[in-house]
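Hi everyone, thanks for coming. Let me put the structure on the screen, and then we can walk through it together.

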Amino acid sequence: MTTSAETLLDRVSVPGGRPIPDAATGEIIGYAARGTVADLDAAVARARAAQPAWAALSAGERGAALHAAAAAVEARAEELAALVSREQGKPLNGPGARLEVGACQGWLHANADLDVPTEVLVDDADNHSELLYKPVGVVGAIGPWNWPQMICVWQIAPALKMGNAVVVKPSEYTPLSVQALVCVINEVLPADVLQVVSGGREVGAAMSAHAGFGKLMFTGSTRTGQAIVRASADHLTRLTLELGGNDAGIVLPGTDLGKHVDNLFWGAFINTGQTCAALKRLYVHESQYEDAVQILAAKAAGTPMGVGLVEENLLGPLQNPMQFAVVSRLVDDARERGARIVTGGEPAPELGANFYRATIVADATDGMPVVDEEQFGPVLPIVRYADVEDAIASANRLDAGLGASVWSDDAAAAREVALRLEAGTVWINKHGGIHPSVPFGGVKGSGYGLEFGVEGLKSVGVPQVITSR
Ligand code: NAD
């Protein structure tokens, strides 16, 4: 008898395709289609043909389809979670694979019920002007490998709700999870409204330069985002760019650290640190510095790491050897520069090739690459400060502005600092929490455009003003 997980894999795994390893064990879990630029062209042509009928449905009918899609995902939730756990590496539990699949359902349901109301801007004796949003046509969705299913749904749910067709290009590191998700969602959608082309960077590059897209939604690195801006210039394709981050957190003096330790730890170590809006550098006042270091080191050392399918594990491997090399290099460099590795600071080969122990780097300073570069792994450098003004300046000094956080038991003081931070989202006493009705997006090198909520719907629509009288 085949298990349901094997059934979904059977549906997306292609004989002769590209072998995709389990991130934790290296075992081959399936074979991804080798999509080409010709496959992309064909998918775009089919999407353009299917889109008008989809757009002609009422918003309520499209919403009903998204609710049905969420139900279809719920029915296959365990096998989708197991697949993303193996392919991406994140554990089933904690803020892991089950949370990712649950978020897919949540975002589908939320977008199903959202609408962009037509706005009357002027209504006087001479003018009646209203602003409304129409579909852009075909949306291209290019995704990363860290939260492959969840980020795919962030891109496709609003696009579909607005009456667009979508062509998805998953990361070459995590294609099977996305193909399985789309396969499940397509159980309830009309043909060709949602398609996947599983290919490498060349397919992403071709999407960026393609005349057939009204909009590209991109989540990935800043460097790739810049390439997409350049490649899309000829067609002036609309873009939403959710790019890399290097989120700072500032603990204000006198904060009860014990109360916040769980939120601080998971703000940094969610998905073993491979999260765009994770806490990646923590600034702590000198009066509490050593306490913060010890509390977080104890938490890091005590959090179980291992293969994601083992229920008790809460931290997993790095997704790929490239990312493992980045993390190793940054921690080794910090050690050489005199930083103190309080816990971790080395691979965990007994767990598997891509595992790196949860690491707290004390006596880190601005200018060290482990602070200044997006380390995207299970590492938190902690920087000492004496004056809050210096901490604010430190937080703002890099060309990244996705998220930031302020930690304090004084709500007014925290808000005052939050207002001065250059980031698309500032959290107070937590880091990285998102909600399908609350817009999310970066500033500076972290990109532009908003996802989620009504703003997210607008971003996959074309504004039109109708003026009469
Ligand atoms: P990446 O930029 O290497 O790849 C992302 C996607 O872009 C992949 O599908 C890839 O095939 C495609 N691609 C590569 N070259 C391309 C090109 N020239 N044109 C078009 N597409 C191309 O990013 P990654 O390593 O997969 O993801 C990690 C990065 O993503 C980190 O920097 C992380 O911070 C960022 N990220 C940001 C968010 C956010 O919401 N802001 C969320 C998750 C990840």
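The domain bounds I use today come from an automatic or database domain assignment. Before going further: this is a predicted model, where local features need pLDDT of at least 70 and side-chain atom pairs count only at pLDDT 80 or more, while totals for chains, interfaces and linings use all residues. Residues are numbered from 1 along each chain as its sequence is written, and side-chain values use heavy atoms, with hydrogens and water left out.

So, the overall layout. The protein chain splits into domain 1 (8-243 + 443-468) and domain 2 (247-428). Taken over C-alpha atoms, the centres of domain 1 and domain 2 are separated by 30 Å. How many residues of domain 1 are in contact with domain 2? With contact meaning heavy atoms within 4.5 Å, 27 residues of domain 1 are in contact with 35 residues of domain 2.

Now to the inside. A nonpolar core is a set of buried Ala, Val, Leu, Ile, Met, Phe, Trp, Tyr and Cys residues joined through side-chain atoms within 4.5 Å. Buried here means under 20% relative accessible area, exposed means over 50%, and partly exposed is in between, using a 1.4 Å probe and protein chains only. The largest nonpolar core has 65 residues, and the members touching the most others are Val 73, Leu 108, Val 166 and Ile 185. Helix α6 (residues 148-161) gives the most to this core, nine residues; helices (H or I, at least four residues) and strands (E, at least two) are DSSP runs, numbered from the N terminus. Each of domain 1 and domain 2 supplies at least three residues to this core. There is also a second, separate core of 30 residues, with Leu 318, Leu 330, Ala 334 and Met 368 among them.

Let's zoom in on Val 73. Setting aside neighbours within four places in sequence, its contacts include Leu 80, Val 101, Leu 108 and Ile 185.

Next, a lysine. Is Lys 280 buried or exposed? Lys 280 has a relative accessible area of 1%, so it counts as buried. You will find Lys 280 in strand β11 (residues 279-285). The side chain of Lys 280 reaches the backbone oxygen of Cys 276 at 2.7 Å. Leaving out neighbours within four places in sequence, Lys 280 is in contact with residues including Asp 247, Glu 374 and Phe 376.

On a 1 Å grid over the protein atoms alone, a cavity is a set of points where a 1.4 Å probe fits but cannot get out, and a pocket is an open set with protein on both sides within 12 Å along at least five of seven lines; lining residues have an atom within 4 Å of a point. Grid points are joined across faces, edges and corners, and a volume is the space filled by probe spheres set on the points.

The largest pocket has a volume of about 1,300 Å³. It is lined by 44 residues, and Gly 220, Ser 221, Thr 222, Arg 223 and Thr 224 are the closest to its centre. Which element gives the most to the lining of the largest pocket? That is α9, with seven residues.

Finally, the structure holds two cavities of 30 Å³ or more. The largest cavity has about 70 Å³ of space. Its lining has 14 residues, and Arg 281, Ala 395, Ala 400, Gly 403 and Glu 422 lie nearest its centre.

Technical notes
Polar contact = N/O pair within 3.5 Å; in protein donor to acceptor, adjacent residues only side chain to side chain.
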